[in-house]
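I opened this model to look up its pockets and its salt bridges. My notes follow.

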Amino acid sequence: MAGSQKESYKKIFAKIKEHHTWFANSIPLIASENIPSPAVREAIVSDFGNRYAEGWPGERVYAGCTYIDDVEFECIKLAKRLYKAKFADVRPISGVVANLVIYSAFSNPGDVMLAPSIPAGGHISHGKKEHSGTAGLVHGLDIEFYPFDAQEMTIDVDKTKKKVAELKKSGRLAKIAMFGGSLFLFPHPVKELSDFLKGYGVHINYDAAHVAGLIAGGRFQNPLREGADTMTMSTHKTLFGPQGGLVLGSEEHAEQIKKATFPGLTSSHHINNMAAKAVAFAEALEFGKAYADQVIKNAKTLAVALSDAGFKVLGERRGFTESHQIAVNVLDYSDGGKVEADLEKANIIVNRQLIPGDIKAGRNYFHPGGIRLGVSEITRLGMKKDQMCEIAGLIRQVVIEKKDPKKLLPRIKALRKNYQKVRFCFDDKLGAYEYVRLR
């Protein structure tokens with residue numbers, strides 16, 4: 001038995017190391033991922049990860065938090081500065097938990113929430129119970145979807161106003177209006193709807209999980225200035241921190257948010273990741289504008305190059321994208337699931353994506369009509385216009401020309417050769433995917 005356990009032990013580390021090597025020779029285009037700096041990685045492996053710090057800093061349930069409290073106060077200060085917010089709770093351990101904080105603080109089970117549907121870009125944490133969505137399944141919210149304009153790829157303002165009025169008449173007025181999403185090409189109409197929704201007493205939350213880094217860099221939109229009461233996010237997509245969550249708002253909402261976070265939804269809140277968030281916030285304050293500018297340039301360049309290569313890129317009427325994401329209808333060639341698998345064989349990592357019209361056509365998440373691409377990680381590695389055009393050509397060869405994906409591997413390895421360090425950070429001594437052995 002001991003020999004078997006030792007073999008498993010060795011296998012685990014071998015596979016982790018293989019993963020690092022694989023990604024060092026891949027084109028990572030998952031829109032919900034990014035690569036952290038060496039400094040963020042250092043914070044993650046610190047002893048903070050072995051400790052408990054239940055409660056608000058300075059008011060802990062546990063001893064031993066002297067330095068943890070100092071770091072958490074610094075983390076809060078940096079988060080507030082980064083987003084020009086009056087209040088920040090840095091303890092949620094994920095974007096989903098951050099959304100649950102809002103549901104718990106500002107609604108009760110059975111209340112109605114307005115949110116985007118998943119084919120229209122919504123996230124599963126906004127979803128209905130029958131779809132196993134977090135809002136419905138965990139908190140018991142009754143979800144109503146925003147009317148969606150598929151041509152403009154955003155929420156339809158006029159139809160939303162009519163729907164809210166109808167919900168009011170039927171005694172089902174929404175308690176929360178959730179903006180933001182998972183497929184997120186263009187800003188949502190927060191400014192256009194905020195006064196109207198507040199006139200009905202609706203709490204407005206903006207889920208910035210995907211675009212938090214763009215907002216921090218002064219791009220995309222500024223929800224807290226446009227009328228959102230609160231803003232939630234994960235901290236590892238366009239915001240290049242560790243996996244974790246964040247809730248922002250005003251002092252008016254502070255106590256409700258704090259109590260929902262602890263003791264409501266967290267015990268110890270992954271203290272090492274909290275410290276890593278603080279590092280990422282400092283990096284974003286220093287480098288965030290330049291990074292956000294380059295992300296959007298890269299996304300637009302890749303979208304145009306894919307369109308020129310023959311793909312049906314969504315959002316053409318509005319210039320394809322204003323975020324880090326590109327959405328492509330691939331039904332002329334296969335389906336999103338098959339395309340995802342074929343591209344992975346070429347070390348091009350994308351994800352399949354439900355797009356408007358999929359559900360009515362009987363397609364599902366395993367075989368949807370689209371793929372979603374994100375440029376957050378490749379931008380952090382230093383790639384720019386020429387590399388976007390080359391990537392579009394490689395994708396065309398796999399999807400349209402049906403070339404053997406494995407024959408493209410040498411080209412992809414050559415493309416990655418000069419992009420092995422993390423940019424937009426204070427320290428870059430460690431390679432982006434360099435394996436660190438501690439044993």
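Which helices each supply at least two residues of the lining of the largest pocket? I found helix H1 (2–24) and helix H2 (38–44). Helices (H or I, at least four residues) and strands (E, at least two) are DSSP runs, numbered from the N terminus.

A note on the source. This is a predicted model, where local features need pLDDT of at least 70 and side-chain atom pairs count only at pLDDT 80 or more, while totals for chains, interfaces and linings use all residues. Residues are numbered from 1 along each chain as its sequence is written, and side-chain values use heavy atoms, without hydrogens and water.

**Pockets.** I looked up the largest pocket and read a volume of about 870 Å³. Of its 29 lining residues, His-20, Ile-35, Pro-36, Arg-41 and Ile-44 are the closest to the centre. H1 gives the largest share of this lining, five residues. A pocket here is an open set of points on a 1 Å grid where a 1.4 Å probe fits, with protein on both sides within 12 Å along at least five of seven lines; lining residues have an atom within 4 Å of a point. The volume is the space filled by probe spheres set on the points, which are joined across faces, edges and corners.

Next I took the second largest pocket, at about 540 Å³. Its lining has 25 residues, and His-123, Ile-124, Ser-182, Tyr-365 and Arg-372 are the closest to its centre. Helix H4 (95–106) and strand E14 (351–353) each supply at least two lining residues.

**Salt bridges.** I counted 25, each a side-chain nitrogen of Lys or Arg within 4 Å of a carboxyl oxygen of Asp or Glu. Glu-72 pairs with Arg-60, with the closest N and O atoms 2.8 Å apart. Glu-72 lies in helix H3 (residues 66–83) and Arg-60 in the loop between H2 and H3, so the pair ties together parts 12 residues apart in sequence. Glu-72 is buried at 0% relative accessible area. Arg-60 is buried too, at 15%. Buried means under 20%, exposed over 50%, partly exposed in between (1.4 Å probe, protein chains only).

I then checked Lys-338 and Asp-342, which meet in a salt bridge (2.9 Å, N to O). They sit four residues apart in helix H12 (residues 336–345), about one helical turn. Lys-338 is partly exposed at 44%, whereas Asp-342 is buried at 14%.

Last, I noted a network of salt bridges that links Asp-142, Glu-144, Lys-163 and Arg-172.
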